[in-house]
Amino acid sequence: MNVVIITGSGGLIGGDTARFFANKGMEVIGVDNDLRRVFFGDKASTKKNHEALEKELSGYTHVDADIRDEKAMSALFKRHGKNIACIVHAAAQPSHDWAASDPHMDFTINANGTLNLLELMRQYSPEAAFVFLS
């Protein structure tokens with residue numbers, strides 16, 4: 001079965017992307033660690049969204065992981081390897097104001113996290129498509 005990894009799957013775009021691919025019969029692995037709650041407060045939490053995806057979609061698996069966590073992300077890519085058809089990267093720290101208050105965290109999420117995904121794709125699923133949503 002073809003696997004799609006969607007980072008930021010608890011967000012609006014990530015969740016809709018998960019629904020799209022699940023409706024196509026693909027196995028969807030949603031990666032989201034609810035940092036949105038840290039950035040914008042409890043009301044912005046993505047927990048309800050990823051719980052809804054788990055209930056609503058057959059073939060959906062939620063992974064509570066940070067894209068900066070090389071060990072966790074490497075385990076995910078190793079497990080699925082060449083079955084990964086696509087990585088849709090929608091995880092990010094999206095606020096310019098927040099970035100100004102903590103530029104190091106912003107950079108590690110948006111740059112280093114993306115680099116982790118690209119390198120793991122190169123190692124384990126080089127034929128996969130990579131869709132980066134900025």
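Me: What makes strand β1 (residues 3-7) and β4 a pair, and in which sense do they run?
Reply: Two strands pair if DSSP finds at least two bridges between them. Strand β1 and β4 have 5 bridges, in the parallel sense, so they meet that rule. One example is T7, whose bridge partner in β4 is H89. This is a predicted model, in which local features need pLDDT of at least 70 and side-chain atom pairs pLDDT 80 or more, while totals for chains, interfaces and linings use all residues. Residues are numbered from 1 along each chain as its sequence is written, and side-chain values use heavy atoms, leaving out hydrogens and water.

Me: Why is strand β4 called largely enclosed by the rest of the structure?
Reply: Buried means under 20% relative accessible area, exposed means over 50%, and partly exposed lies in between (1.4 Å probe, protein chains only). In β4 (residues 84-89), 5 of the 6 residues are buried, so the strand is largely enclosed. For the protein chain as a whole, buried residues make up 46% of the 134 residues.

Me: How many helices and strands are there in the protein chain?
Reply: There are 6 helices and 5 strands. Both are DSSP runs numbered from the N terminus, helices being H or I with at least four residues and strands E with at least two. Along the sequence they follow the pattern β-α-β-α-α-β-α-β-α-α-β.

Me: Why is the pair of F20 and F21 called edge-to-face?
Reply: By the ring rule, the count comes to 1 aromatic pair. The ring centres of F20 and F21 are 5.1 Å apart and their planes stand at 85°, so the pair is edge-to-face. The rule asks Phe, Tyr and Trp rings (for Trp, the six-membered ring) to have centres within 6.5 Å; planes under 30 degrees apart count as stacked, over 60 as edge-to-face and the rest as tilted.

Me: Are F20 and F21 buried or partly exposed?
Reply: F20 has 46% relative accessibility, so it counts as partly exposed. F21 has 15%, so it counts as buried.

Me: What makes V28 buried, and what does V28 touch?
Reply: V28 has a relative accessible area of 0%, so it is buried. It belongs to strand β2 (residues 27-31). Leaving out residues up to four places away in sequence, V28 touches V4, I6, A18, F21, A22, G59, Y60 and T61, where contact means heavy atoms within 4.5 Å. The C-alpha atoms of V28 and I5 are separated by 6.0 Å, although these residues are 23 apart along the chain.

Me: Why does H50 count as buried?
Reply: H50 has 14% relative accessibility, and therefore counts as buried. H50 sits in helix α3 (residues 47-56). Beyond its neighbours within four places in sequence, H50 is in contact with Y60 and H62.

Me: Among contacts between residues at least 6 apart in sequence, what share joins residues at least 24 apart?
Reply: In the protein chain, that share is 73%.
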